[in-house]
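Some words used for a protein model rest on a cut-off or a rule. Let us take a few of them in turn and ask what stands behind each.

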Amino acid sequence: MGPEDDHLSMPTHERQGSLVTSQASARRLKAQGSAGSELGQRQSVPPSRAQAVVEQ
């Protein structure tokens, strides 16, 4: 983080509003049984393909 960070220039009440919105979204996903890792599992690639990408 540095002086160029957008969150540092936001007023406190706006940062709090953003936090509340994020928390509510996370709670809804948790209540639905969704998780961020599920997306990664649906879009996985074989390890050999991942290694080939890394080597390039």
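**Terms and their grounds**

Along the chain of this predicted model, the elements follow the order α-α-α-α from the N terminus, which comes to four helices and zero strands.

Q: What makes a residue of the chain count as buried, and what percentage does so?
A: A residue is called buried when its relative accessible area is under 20%, and 4% of the 56 residues of the chain count as buried.

Q: How do you know what span is expected for helix 2 (residues 12-32)?
A: The expected span is 1.5 Å times one less than the number of residues; helix 2 has 21 residues, so the expected value is 30 Å, and the 30 Å that helix 2 reaches from its first C-alpha to its last is close to this.

Technical notes:
Residues are numbered from 1 along each chain as its sequence is written. This is a predicted model: local features need pLDDT of at least 70, side-chain atom pairs count only at pLDDT 80 or more; totals for chains, interfaces and linings use all residues. Side-chain values use heavy atoms; hydrogens and water are left out. Helices (H or I, at least four residues) and strands (E, at least two) are DSSP runs, numbered from the N terminus. Buried means under 20% relative accessible area, exposed over 50%, partly exposed in between (1.4 Å probe, protein chains only).
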